[in-house]
Every structure is written in C-alpha cells, then in structure tokens.
Amino acid sequence: MKNIHNRKSWPSRSVFSGKDQTASPTEVSFVDTHVHTRFSDGGATIPQVEEVCRELEIGCLIVDHNEIRGSIKLLDRMKVQTMPSMEVGSREQIDLLMYFRSADEAEIFFRRHVEPYRMKRLYSFLPVSLDYLIEAAAEHEVLISMAHPFGPFWKNIEYGKKRRQVLLRILSQVDCIEVFNGAASMKANRKSQILCQSTGLIPLAGSDSHTVKGIGSVLVGFDQPATSANMYDLINNVKISGIYANGVKKHNFSNTIRIAIQHSKKIVTGKDHSTQAGREITLQRL
Ligand SMILES: [Fe+2]
C-alpha cells in the first residue's frame with residue numbers, strides 16, 4: 001500500500017464534462033470515504049461538498065451519524081461520484097461505516113434498523129447492540145468498515161479488555177478497516193494499518209471531516225476509474241492503489257471544535273442541523 005502523498009503530485013484529471021455545473025461527473029480516481037455534513041454534526045451543506053469535490057476532482061462518501069438523507073441527496077444530484085453511506089454507532093459506542101450498493105438498500109436499512117432507534121440528544125449512538133447492527137446489515141448489500149479502530153478514549157480498540165474482546169470478535173464480520181482517519185493521530189493510524197495487514201481486510205481511508213475545508217484531506221486512490229455505479233465493486237474487489245493524505249493537521253483543530261460545539265448543542269437542546277436539513281429531503285424510494 002502506498003502511503004502519504006502530496007496532493008500536488010496527483011495526476012490532473014477532468015472530473016466534470018464541460019463547464020456546465022449540472023453536468024454529470026465523469027469518473028474519478030480519488031475518493032474521500034468519510035465526510036460529515038449538516039445532516040448530522042458536520043458543517044458542510046451538500047452544495048458545499050459538491051463545490052469542494054469539483055475543485056479537488058475527487059469523489060466523496062457522506063457518512064453522517066445514523067443518517068442517510070445527505071448521502072442520498074448527493075447521489076441523486078449526480079454532481080459527484082458517490083454511493084449511499086452512513087456511520088452507524090452501536091450501544092457499545094462502536095462506530096461502523098456502512099457503504100451500500102444501492103440507495104434502495106440504504107433506505108430499507110435506515111428505515112428498519114436506524115431511524116426507529118435514533119436518540120433526540122445524541123448523534124453518534126443507537127441503543128442497539130453491535131451484533132444487532134451487523135446481523136441486520138447482513139440482509140442487505142453493504143460493505144462494513146470498522147471506523148478509526150485506535151481513535152481517542154472509548155473509540156480505541158485497546159480501551160479496556162471487554163471492548164477489545166468485542167472488537168476482535170467483530171473483525172471477522174466486517175469487510176474493511178479504516179487504516180487512515182484524518183481526525184486520528186499518526187500513531188493510531190499506523191496501528192490501524194498493522195491491524196488491517198494482519199487481518200487481510202480491505203483498507204479504506206477518509207478525512208472524517210466535519211468542516212468544509214477538511215474534505216478531501218484523506219483519500220482512497222483507485223487503480224481504475226471510479227463512478228457512482230462501480231464504486232461498491234471497486235472496494236469489494238480491492239481495486240485500490242493507495243491511501244493519500246495531505247493537509248490533515250491544519251484541519252484537525254477546527255474539526256475538533258466543530259464536533260464539540262455541535263454535540264454539546266444536541267445534548268442541551270435536542271436540536272441540530274439535521275432537524276432542519278431533514279425537511280429538505282424525504283426518502284421516497286419505498
Ligand atoms: Fe466520523
């Protein structure tokens with residue numbers, strides 16, 4: 001696996017056909033697989049995500065906490081190469097990144113297994129077990145990635161014996177490991193890479209950006225053109241050429257502040273961007 005590369009060395013590639021802002025994007029080679037928007041605790045709107053992706057010539061997977069609407073909105077607008085995705089948190093406070101083959105699969109899963117359990121004052125976690133979520137996901141075409149396995153505090157696989165046992169057991173039931181997370185330390189990311197190599201799981205990476213500026217600071221490179229139609233298969237068949245990161249550190253402070261403010265607001269008031277943003281789009285696929 002290649003490691004950290006400077007974005008300046010990335011090949012120049014035209015992502016959009018012509019100057020028409022509404023034109024469907026052509027294929028991309030690089031995708032940020034972990035971005036949060038105002039549909040959960042992030043700061044970016046969907047048009048802002050599109051603008052950044054257009055500028056950087058990348059694809060983007062929106063993984064809002066227990067929320068699929070922003071991701072499907074990005075897919076439906078067809079300006080950025082993407083696929084339906086979500087970050088789902090379990091009762092044990094373990095985050096799983098879920099990448100769905102289709103919007104229909106994503107909506108069915110969301111309606112049955114996520115929406116009924118969402119909590120008014122918490123973004124990240126559902127009061128259901130990790131086993132329940134993994135079993136439910138098995139009924140759908142979904143790639144599951146273990147997010148930031150060595151993240152801070154309770155997000156760390158080494159945070160207590162019980163947690164370690166749960167996570168090690170779950171490793172045999174997931175497809176991918178996030179080997180580079182833009183919000184995690186270099187040490188944590190190195191440990192994730194070693195864990196991934198020892199398990200043979202598929203390596204993924206993403207900025208975990210909660211701000212507009214951080215989008216695209218960590219990317220998965222594909223060894224063939226990626227589109228919304230083939231991205232699921234490219235990951236599933238490990239058509240990955242490398243993991244790329246640039247400018248991560250300078251975004252981390254604003255990222256952390258953003259998360260702290262937004263989660264505090266949610267705990268105190270029960271209100272958030274997603275309450276507002278959710279009114280803009282209704283899931284109507286079923
Ligand atoms: Fe995240």
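Where is N66 found? N66 lies in the loop between strand 2 and helix 2 (69–77).

## Model and conventions

This is a predicted model, in which local features need pLDDT of at least 70, side-chain atom pairs count only at pLDDT 80 or more, and totals for chains, interfaces and linings use all residues. Numbering of residues starts from 1 along each chain as its sequence is written.

## Overall content

The chain contains nine helices and nine strands. Both are DSSP runs numbered from the N terminus: helices are H or I with at least four residues, strands are E with at least two. Of the 286 residues in the chain, 47% are buried. A residue is buried if 20 or more other C-beta atoms lie within 10 Å of its own, exposed if 12 or fewer, and partly exposed in between, with C-beta atoms placed from the backbone.

Among contacts between residues at least 6 apart in sequence, 70% join residues at least 24 apart. Contact means that the C-beta atoms of two residues, placed from the backbone, lie within 7 Å.

The largest nonpolar core has 69 residues, of which V31, V49, C60, L96, M98 and Y99 touch the most other members. Such a core is a set of buried Ala, Val, Leu, Ile, Met, Phe, Trp, Tyr and Cys residues joined through C-beta atoms within 7 Å. Leaving aside neighbours within four places in sequence, L96 is in contact with V88, L133, I144, M146 and A147.

L133 is also one of the buried residues of helix 4 (residues 130–137), together with L130 and A137. Seen down the axis of helix 4, the buried residues fall within an arc of 65°, so they line one face of the helix. The arc is that of the directions from the helix axis to the C-beta atoms. These residues pack against strand 3 (85–89), strand 4 (95–100), helix 3 (103–114), strand 5 (142–146) and helix 5 (161–170).

## Helix 6

Helix 6 (residues 186–199) has 14 residues and reaches 20 Å from its first C-alpha to its last, close to the 20 Å expected at 1.5 Å a residue. The expected span is 1.5 Å times one less than the number of residues. In helix 6, A188, N189, S192 and C196 are buried. Those residues fall within an arc of 95° seen down the axis of helix 6, so they line one face.

The buried residues of helix 6 pack against strand 6 (176–181) and strand 7 (202–206). On the face turned away from the buried side are the exposed residues M186, K187, I194 and S198. G200, whose phi is positive, near 80°, follows helix 6.

Four strands form an open sheet in the order 2-1-8-9, with mixed pairing. Strand 2 (59–62) and strand 9 (240–245) stand at the edges with a single partner strand each, so one side of each is left without a neighbour in the sheet. Strands pair if DSSP finds at least two bridges between them. Strand 8 (residues 218–226) and strand 9 pair in the antiparallel sense over five bridges. V218 has A245 in strand 9 as its bridge partner.

Most residues other than glycine have a negative phi. N66 has a positive phi, near 50°, and is buried, with 22 other C-beta atoms within 10 Å. H148, in the loop between strand 5 and helix 5, has a positive phi near 25°. H148 is buried, with 25 other C-beta atoms within 10 Å.
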